[in-house]
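Reader: I have a model open and want to learn how to read it. Where do we begin?

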Amino acid sequence: MDSFVAIDFETANNERTSVCSVGVVIVRDGVVVDTFYSLIQPEPNYYHYVCTRVHGLTRRDTDGAPLFPAVWAAIALMIDGLPLVAHNKAFDEGCLKAAFRCYRMDYPDYEFHCTYAASRRAFPRAENHRLHTVAALCGYRLEHHHHALADAEACAWIARAIL
């Protein structure tokens, strides 16, 4: 796959609607042509300490952030019908669909691919198939793991290597 959008969400709590940041990497003809990152005011707007421990974000970071519909309006213009790719599609696609439902937006039935599932086929003997492990197997050093844009960049690198 030469053209796609790698996407990653972070959530504030256990609700899939609680997306608090998004990272997007746009790849066309195998080349990264654009990136996008935004904080998002989550719904519901509270942070579970475990989530904060993972990504470092708190309510203080997102209280002034835009709501999901405004952020997605900007992303929708950028992705232009390209397929979406995530490492653990079930989580990220679940977040996207939940946010669309929460804000009563019409979901456009995006084509979604999973680098986690692909990595299990490509590297059956890997010690695990977590993002940073698979990124390293593909020659990419993931720094700032659980920052949505950094994770989307790692996902894009993996997708170019194994999808």
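Predicted model: local features only at pLDDT ≥ 70, side-chain atom pairs only at ≥ 80, totals over all residues.

Reader: Which residues have the most contacts inside the largest nonpolar core?

Author: The general idea comes first. In soluble globular proteins, nonpolar side chains tend to be buried together. Here the largest nonpolar core has 24 residues. Phe9, Val22, Phe68, Trp72 and Leu96 have the most contacts inside it.

Reader: What is Phe9 in contact with, leaving aside its neighbours within four places in sequence?

Author: Take the partners in sequence order. Val19, Ser21 and Val22 come up, then Phe68 and Trp72. Phe91, Asp92, Cys95 and Leu96 complete the set.

Reader: How many residues are in the second, separate core?

Author: That core has 10 residues. Phe4, Ala152, Cys155 and Ala159 are among them.

Reader: Where is Tyr49 placed, and why does Tyr49 count as exposed?

Author: Tyr49 is in helix α1, which covers residues 49–55. Exposed means over 50% relative accessible area. Tyr49 has 59% relative accessibility, so it counts as exposed.

Reader: On to the backbone. Which peptide bond is cis?

Author: The background: most residues other than glycine have a negative phi, and most peptide bonds are trans. In this model the bond from Glu43 to Pro44 is cis, with omega near 0°. Pro44 sits in the loop between β3 (31–39) and α1.

Reader: And phi? Where is Asp109 found, and what is its phi?

Author: Asp109 is in the loop between α4 and β5 (112–114). Its phi is positive, about 55°, although Asp109 is not a glycine. Asp109 counts as exposed because its relative accessibility is 61%.

Reader: What is phi of His146, and where does His146 lie?

Author: Phi of His146 is near 80°, again a positive value in a residue other than glycine. His146 lies in the loop between α6 (131–137) and α7 (148–162). With a relative accessible area of 29%, His146 is partly exposed.

Methods. Residues numbered from 1 in each chain as written. Heavy atoms only, no water. Helix = DSSP H or I, 4+ residues; strand = E, 2+ residues; numbered from the N terminus. Buried < 20%, exposed > 50% of the residue type's maximum accessible area, 1.4 Å probe, protein only. Core = buried A, V, L, I, M, F, W, Y, C linked by side-chain atoms within 4.5 Å. Contact = heavy atoms within 4.5 Å.
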